[in-house]
Amino acid sequence: MPYKIPVGPFHPALEEPYKLSVSCQGETIHGVSIEIGFSFRAIELLAQQRNYIQGLTLVERVCGICSGVHTMTFCMAAEAVAGVDVPDRARFLRVIVAELERLHSHLLWTGIAAEDMGFQTMFMETFALRERVMDVLEFVSGSRVHYATNCIGGVIGDIRDADTILAAIQDTRRTLERDLVPVFTESRTARARTSGVGVLTKERALAYGVVGPTARASGVEVDVRRDLPYAAYEELGFRIVSAAEGDVRARLLVRAMEMLESVRLIEQALRKLPQGPTRAEMGFPVVAPGEATARAEAPRGELFYYLASNGNDTPTRVKIRTPSFMNIPSIEAMCVGQQLADMPLIQASVDPCCSCTDR
Amino acid sequence: MSEASGPSQQIAPDCEALLPQIPGAGPVEHRDDGLWMTAPGLDVLAMTALMHRIGARLSTITGLAIQNGETAIIYHYCLGAFTINIRTTTRDRAIPSITPLNKAADWSEREISDLYGVAFLGHPNPSRLLRPPSLSPGFFRNPCGEVDRCGSQSSSPDVPAS
């Protein structure tokens, strides 16, 4: 007898509110339908009623995890319309904060994945390491969550003690290499719980247009850092990580290896940090009439901004397409034919951010 | 598991030459952030078929409120480093849905339908995406339509109630 289970919008299996209506036959999932909109705040509309400085503060609140990449992409779009060049030092500083953010986002996700696997020890280890990364972010920006480091034309503030940050990052790398990555890539528990679970084939990944680690774990090699290098990624020699299997294990492996790449990029950026100004001399931003798009690689994948200006201090249109907006629908394809008990882990493997998706 | 380095190996076709072949195409402009084409009468289904053929990925669709209740629709495609932005316009507040040809357009079309009151003709599931069905569509077109800033009730002049 087929039956349907509503999961959410508020449910212990979900980190944020969205709703999965799961159709089952016995313990096997036959179909999933997804509803969103429970965190809708009309941020795009509000951004069209605020000047560019207020808009920066606003778009940073789209997400509590990847807040920095939102301000960076908003600035990149405004800089493209205004024709502003960002100083070299600012480009490197943007990479440092963006990769620290990716590191703490991926650590958050691996912790949640460990908990969903029933692997409590790794959950504790992962979150302990994440705290250290959060400490570095606080040291760099003064904040743990909303860093407020980006401005149109560069960055606010500077890094004066690169050696302290470098030492903390090297310590993070050692812990990742010694404990976390081997456990997630080699342990029997992680393997048994994730191999062959929640497969998204390459064909399905392309059809759904998924981005970020979800796409790269299905063999779709898309990464804005490589495809359209921004900030200082070209100078730092970014290396893309991908896998072909498309299951939860592949998503775990891709994120694990990406953490090591993030650490390498931060180390490189700190060592090569050029001297000079951190922002263009422009005072209050004047954005000429025009329109532009900007793309950046957020922790969950490609973040897309479209910005239109009529020359006033307030943008006429701000469009924000977050990576989770493209990734969440693919949960439908991942769940069909799977065991109901695996559903919490499968949906978590996309790292769904409902705050981002709803905006 | 594989690791690759270096720039994208994907060779972009000559999009600038292909875009004018779409029925209803307009002038193509090369800007810093990619190709832009404005074509109010564009055959969006033919556009979708062409983008599929050249392997372009639909990144998103943007809606912009314009006069007379119509909406400008911008399709943003990515092909490696290229961004292809194709702008068209709704006709009588409607436009053919490209979701039957490209599933990645599903939520983007539903969002524009919800927030701008656009009917995407032929969409397989034209239900509201972000706001409850009890509220009128077109919130971004007229945010004060349901309860204006003075607190009085009014209906949207542009968008009929659902």
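In which loop of chain A does A:Pro9 lie? I looked this up before anything else, bearing in mind that the model is predicted. A:Pro9 sits in the loop that runs between β1 and β2 of chain A.

Entry 1: I examined the link from A:Gly8 to A:Pro9 and found a cis peptide bond, with omega at about 10 degrees. I note for context that most peptide bonds are trans.

**Entry 2: the sheet that includes β1.** I then followed the strands on either side of that loop. In chain A, three strands make up an open sheet with the order β1-β2-β3, and their pairing is antiparallel. I recorded β1 (3–7) and β3 (28–35) of chain A as the edge strands, since each pairs on one side only. From one strand to the next the twist averages 20 degrees. I next looked up how strand β2 (residues 19–25) of chain A meets β3(A), and I found seven bridges in the antiparallel sense. As one example, I traced A:Leu20 to its bridge partner in β3(A), A:Ile34.

**Entry 3: another sheet in chain A.** I turned to the strands β7, β8 and β9 of chain A. They form an open sheet of three strands in the order β7-β8-β9, again with antiparallel pairing. Which strands stand at the edges? They are β7 (290–298) and β9 (317–321) of chain A; each has a single partner strand, so one side of each has no neighbour in the sheet. The twist here averages 10 degrees from one strand to the next. Between strand β8 (residues 301–309) of chain A and β9(A) I noted five bridges, in the antiparallel sense. Within this part of the chain, A:Ala308 faces A:Arg317 of β9(A). I also found that α3(A) packs on the sheet and touches β7, β8 and β9 of chain A. The direction of α3(A) makes about 150 degrees with that of β7(A).

**Entry 4: a salt bridge that involves helix α3.** Over all chains, the structure holds 33 salt bridges. I selected the one between the side chains of A:Arg94 and A:Glu79, with 2.8 Å from N to O. A:Arg94 belongs to helix α4 (residues 88–117) of chain A and A:Glu79 to helix α3 (residues 67–82) of chain A, so this pair ties together parts that are 15 residues apart in sequence.

**Entry 5: where chain A meets chain B.** I looked up the contact between the two chains and found 44 residues from chain A and 43 residues from chain B taking part. Together the chains bury about 3,600 Å², of which 57% is on carbon and sulfur atoms. How many salt bridges are there between chain A and chain B? The count is five salt bridges. I recorded that B:Glu111 forms a salt bridge with A:Lys319, with the closest N and O atoms 3.1 Å apart. I also noted 13 residue pairs in polar contact across the interface of chain A and chain B.

**Entry 6: positive phi values.** Most residues other than glycine have a negative phi. I found a positive phi of about 45 degrees at A:Ala231, in the loop between α10 (224–227) and α11 (233–236) of chain A. B:Arg93 is placed in the loop between β6 (82–89) and β7 (94–96) of chain B.

Technical notes
Residues are numbered from 1 along each chain as its sequence is written. Chains are lettered from A and ligands numbered from 1 in the order in which they are written. This is a predicted model: local features need pLDDT of at least 70, side-chain atom pairs count only at pLDDT 80 or more; totals for chains, interfaces and linings use all residues. Side-chain values use heavy atoms; hydrogens and water are left out. Contact means heavy atoms within 4.5 Å. Buried area is the accessible area (1.4 Å probe) that two parts lose on being put together, summed over both. A salt bridge is a side-chain nitrogen of Lys or Arg within 4 Å of a carboxyl oxygen of Asp or Glu. A polar contact is a pair of N or O atoms within 3.5 Å; within protein, one must be able to donate a hydrogen and the other to accept it, and residues adjacent in sequence count only if both atoms are side-chain atoms. Two strands pair if DSSP finds at least two bridges between them. Helices (H or I, at least four residues) and strands (E, at least two) are DSSP runs, numbered from the N terminus. Axes are lines fitted to C-alpha atoms, for helices over the stretch in contact, and angles run from 0 to 180 degrees between N-to-C directions.
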